[in-house]
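Biologist: I am new to this structure and would like to learn how to read its features one at a time. Could we go through them together, with the general idea before each case?

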Amino acid sequence: MEELLELKDLLLVGNIPDALLLVEEMTEMSKDDKLNKIFSFSIIVLLHLIKQQAEKRSTRSWETSISNSVRQIQRINKRRKTGENYLTIEELKETLDDAYSSALRQGALEAFEGIYQPEEIEAMIEKIKLLIKQWGLF
């Protein structure tokens with residue numbers, strides 16, 4: 001909020017160069033917020049996919065969580081005015097790859113009542129199939 005007030009003040013005094021710099025900074029802050037949200041929802045999706053593959057079962061709760069998280073990612077990634085996406089497919093792949101290790105660690109705690117280490121859980125699943133199943137990426 002204080003950035004908007006600062007922008008207003010800069011515009012009122014006619015300081016356009018500094019106002020434009022502030023707009024750029026605010027744009028980056030907004031994009032960073034969206035990227036963080038997409039990253040968080042990616043962890044949730046991958047976590048439940050990991051548990052599904054490792055345990056070779058699913059629950060309605062996991063299915064609902066996956067579905068809701070995918071919808072949130074799609075909603076957050078969509079630019080309202082242009083209909084384009086904030087993240088390209090390549091950037092989304094990178095985000096999923098980054099989120100994978102966090103989801104794997106969490107999955108090791110939740111799958112099989114936490115008796116396996118992340119490396120053991122990873123050996124039970126196929127990362128590529130995980131991503132293909134949900135995102136159709138590779």
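This is a predicted model: local features need pLDDT of at least 70, side-chain atom pairs count only at pLDDT 80 or more; totals for chains, interfaces and linings use all residues.

Biologist: Where is H48 placed, and which residues does H48 touch, not counting residues up to four places away in sequence?

Modeller: Contact means heavy atoms within 4.5 Å. H48 has its place in helix 2, and, once residues up to four places away in sequence are set aside, H48 touches W62, S65 and I66. Helices are DSSP runs of H or I with at least four residues, strands are runs of E with at least two, and both are numbered from the N terminus.

Biologist: Is L47 buried or exposed, and with which residues is L47 in contact?

Modeller: L47, which also lies in helix 2, counts as buried at 8% relative accessibility. Leaving aside neighbours within four places in sequence, L47 is in contact with A103, Q106, G107 and E110. L47 and A111 are 64 residues apart in sequence, and their C-alpha atoms are 9.5 Å apart in space.

Biologist: How many helices and strands are there in the chain, and how spread out is the chain?

Modeller: There are 6 helices and 0 strands in the chain, so the radius of gyration can be taken up next: over C-alpha atoms it is 20 Å, well over the 14 Å that the globule rule gives for 138 residues, and the chain is therefore more spread out than a compact globule. That rule is 2.2 Å times the number of residues to the power 0.38. The C-alpha atoms fill a box of roughly 65 × 30 × 25 Å along the principal axes, and buried residues make up 34% of the 138 residues.

Biologist: What is the volume of the largest pocket, and which residues line it?

Modeller: Rolling a probe the size of a water molecule over the atoms shows where empty space is left. On a 1 Å grid over the protein atoms alone, a pocket is an open set of points where a 1.4 Å probe fits, with protein on both sides within 12 Å along at least five of seven lines, and lining residues have an atom within 4 Å of a point. The largest pocket has a volume of about 260 Å³, and its lining consists of S30, D33, K34, K37, R75, I76, K78, R79, R80, K81 and Y86. Helix 2 (16–55) and helix 3 (60–77) are the elements that give two or more residues to this lining, and the largest share, 4 residues, comes from helix 2.

Biologist: Where is F112, and what is its phi?

Modeller: F112 is in the loop between helix 4 (89–110) and helix 5 (118–124), and its phi is positive, about 50°, although F112 is not a glycine. F112 counts as partly exposed at 28% relative accessibility. E113 is found in the loop between helix 4 and helix 5 and has a positive phi near 55°, while its relative accessible area of 78% makes E113 exposed.

Methods: Residues are numbered from 1 along each chain as its sequence is written. Side-chain values use heavy atoms; hydrogens and water are left out. Grid points are joined across faces, edges and corners, and a volume is the space filled by probe spheres set on the points. Buried means under 20% relative accessible area, exposed over 50%, partly exposed in between (1.4 Å probe, protein chains only).
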